[in-house]
Amino acid sequence: MPLPSLSGLIGAVPGRHVRWRDLELRTHQADFGAYRIHWAETGTGEDAVALVHGLSGSSRWWARNIRGLSARYRVLVPDVVGFGRSRMAASRLPDVPGLAAVLGEWLSFAADGPAHLVGHSMGGQLAIHVAARSGENVKRLVLVDAAGLPRPLTPRMVTRFAYEMAPPRQWGDPTFLPVMLGDAISAGPWNVMRALRHILRDDVRPILPDIRQPTLLLWGERDSIIPPPHGEEMRRLIPGSRLLVLRGTYHNPMVDAPQAFNEAVLAFLAGEEVGE
């Protein structure tokens with residue numbers, strides 16, 4: 001049964017805690033040059049959808065979405081290089097274009113053909129690069145509170161941004177804090193800070209017009225880390241893109257309102273008109 005069309009700003013349905021170990025997942029790992037990517041997979045749909053987490057996160061950040069999406073799709077959930085269980089032989093984390101190149105290579109391998117791509121925060125920034133540079137690998141693109149628009153690189157601004165990024169400030173559902181804190185500790189402060197510098201130095205505006213895939217920008221109404229005006233600017237620059245704001249959610253709308261999030265993503269991937 002097709003999902004109803006959604007547009008504009010919709011309300012949040014409170015999240016429900018889902019334990020990662022309760023999900024029926026197949027796990028894999030493979031080497032791509034100097035980088036080893038670990039990912040989980042579930043579902044048997046004809047099309048694949050990849051979910052890419054943000055800074056200091058891991059594949060566990062999608063625990064509340066996997067069941068809902070895997071009912072229709074083969075869901076692939078990687079740990080970005082340097083986070084979760086994905087590691088690197090090199091001592092330094094690649095910059096954003098470098099990470100995106102590895103992600104694009106992984107996507108082509110794991111999906112075995114073009115796939116839908118959903119990226120959150122830093123993962124959205126990586127997804128922008130993949131879609132713009134390796135468009136043949138991406139069918140539809142969902143950017144969730146995506147990073148990539150420039151900010152002044154003053155020491156005060158970087159310190160403030162790092163402070164805002166650190167849990168538990170403005171991260172929404174408090175029941176998700178143990179996962180966020182555990183992943184941040186696992187990644188380590190130096191890795192997180194290196195990634196943060198790469199994020200802040202990368203400006204995606206020149207490549208946004210190169211994105212030709214149908215694109216949904218999905219944003220948390222109360223996100224103070226990457227606020228909704230960033231989504232509005234991306235909508236202006238990505239041809240034909242649409243923006244949907246989830247009322248009452250923060251930087252992690254897929255955690256704060258998983259039902260509303262899943263319904264919006266499924267409708268969009270099915271070709272429904274979602275957002276404005």
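Helices here are DSSP runs of H or I with at least four residues, strands are E runs of at least two, and both are numbered from the N terminus; the expected span of a helix is 1.5 Å times one less than its number of residues. The model is a predicted one, so to speak of local features takes pLDDT of at least 70 and side-chain atom pairs count only at pLDDT 80 or more, while totals for chains, interfaces and linings use all residues. Residues are numbered from 1 along each chain as its sequence is written, and side-chain values use heavy atoms, with hydrogens and water left out.

Take α2 to begin with. This helix covers residues 96-111, 16 residues in total, and its first and last C-alpha atoms are 22 Å apart, close to the expected 22 Å. At its start, a side-chain oxygen of Asp 95 comes to within 2.9 Å of the backbone nitrogen of Gly 98, a polar contact (a pair of N or O atoms within 3.5 Å; within protein, one must be able to donate a hydrogen and the other to accept it, and residues adjacent in sequence count only if both atoms are side-chain atoms).

Leu 208 lies in the loop between α6 (189-201) and β9. Its contacts (heavy atoms within 4.5 Å), leaving aside neighbours within four places in sequence, include Met 234 and Leu 237.
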